[in-house]
Amino acid sequence: MIELLFVFLYVGLLTIGGGIVAIPIIQQQVVSKGLISLTDFIVMIGVAESTPGPIGINVSTFVGYDQFGIIGALITTTAFITPSFLILLLSINWIKKYRKHPYVNQWFKYLKAVVAGLIMYATFTLIDIGFFQTSSLDFRSFIILGILILASIKLYKKPWAIVLIGGILGILIY
């Protein structure tokens, strides 16, 4: 349990840009250490995407619950959010005071670029896990992906419809 606490403190500290960025780090820390299998991790990502709330927190909660029940879920969730909370708590007055300063504005521009890169990395990692690291290459997943890409172009700014179509396609195809 202590190992999971430190893993999620580490993940929470390094996760800049949202929960989606945490997924590759969680995978590296949890799956590669043998705490859960890759298949279980993929299922956890799917469930975390389907449940309300940030995906990073949901995945950390599911990993903790999988390992140690409700106590594990509470520990991993708290460990995941604590670093961000403390950093924000310690820096909020500084950010308020200097938010108009050109250096701070420039820093936030650089931070946006870094976050975009991290999100792209996380996306490609999820694609790699979902399509190529599973036991067999499933072309039905590519069909669903293609349909969802086309639907997202047609249904711009209607993510609920994309989720609904993806769910229906998953039920019908699998």
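This is a predicted model: local features need pLDDT of at least 70, side-chain atom pairs count only at pLDDT 80 or more; totals for chains, interfaces and linings use all residues.
Two residues are in contact when heavy atoms lie within 4.5 Å of each other.

**Overall architecture**

The protein chain contains 7 helices and 0 strands, and its pattern along the sequence reads α-α-α-α-α-α-α. Taken along the principal axes, the C-alpha atoms fill a box of roughly 55 × 45 × 25 Å. The chain has 174 residues, of which 29% count as buried. Its exposed surface comes to about 11300 Å², with 72% supplied by carbon and sulfur atoms. Where contacts join residues at least 6 apart in sequence, 52% of them link residues at least 24 apart. The charged side chains comprise 11 positive and 6 negative ones, and the centres of these two sets are 27 Å apart.

**Helix 2**

Helix 2 covers residues 19-31, and at 1.5 Å a residue its 13 residues should span 18 Å; the end C-alpha atoms are 17 Å apart, which agrees. The helix bends by about 30° at Ile-25.

How many of the 13 residues of helix 2 are buried? The number is 11, so that the helix is mostly covered, a residue being called buried when its relative accessible area is under 20%. Among them are Gly-19, Val-21, Pro-24, Gln-27 and Val-31. Ile-25, the site of the bend, is also buried. The partners against which the buried residues of helix 2 pack are helix 1 (2-14), helix 3 (38-50), helix 4 (55-98) and helix 5 (102-132).

**Two individual residues**

| Residue | Relative accessibility | Class |
|---|---|---|
| Lys-157 | 68% | exposed |
| Gly-117 | 39% | partly exposed |

Lys-157 lies in the loop between helix 6 (139-154) and helix 7 (159-173). Because its relative accessibility is 68%, and exposed means over 50%, Lys-157 counts as exposed. Its phi is near 65°, a positive value in a residue other than glycine. Most residues other than glycine have a negative phi.

Gly-117 belongs to helix 5. Is Gly-117 buried or partly exposed? With a relative accessible area of 39%, Gly-117 is partly exposed, because this value falls between the 20% and 50% limits. Gly-117 and Lys-96 are separated by 21 residues in sequence and, from C-alpha to C-alpha, by 26 Å in space.

Note on methods. Residues are numbered from 1 along each chain as its sequence is written. Side-chain values use heavy atoms; hydrogens and water are left out. Helices (H or I, at least four residues) and strands (E, at least two) are DSSP runs, numbered from the N terminus. The expected span of a helix is 1.5 Å times one less than its number of residues. The bend at a residue is the angle between axes fitted to the seven residues ending there and the seven starting there. Buried means under 20% relative accessible area, exposed over 50%, partly exposed in between (1.4 Å probe, protein chains only). Accessible areas come from the Shrake-Rupley method with a 1.4 Å probe; for residues, only the protein chains shown count as cover. Lys and Arg count as positive and Asp and Glu as negative; His and the chain ends are not counted. The place of a charge is taken as NZ of Lys, CZ of Arg, CG of Asp or CD of Glu.
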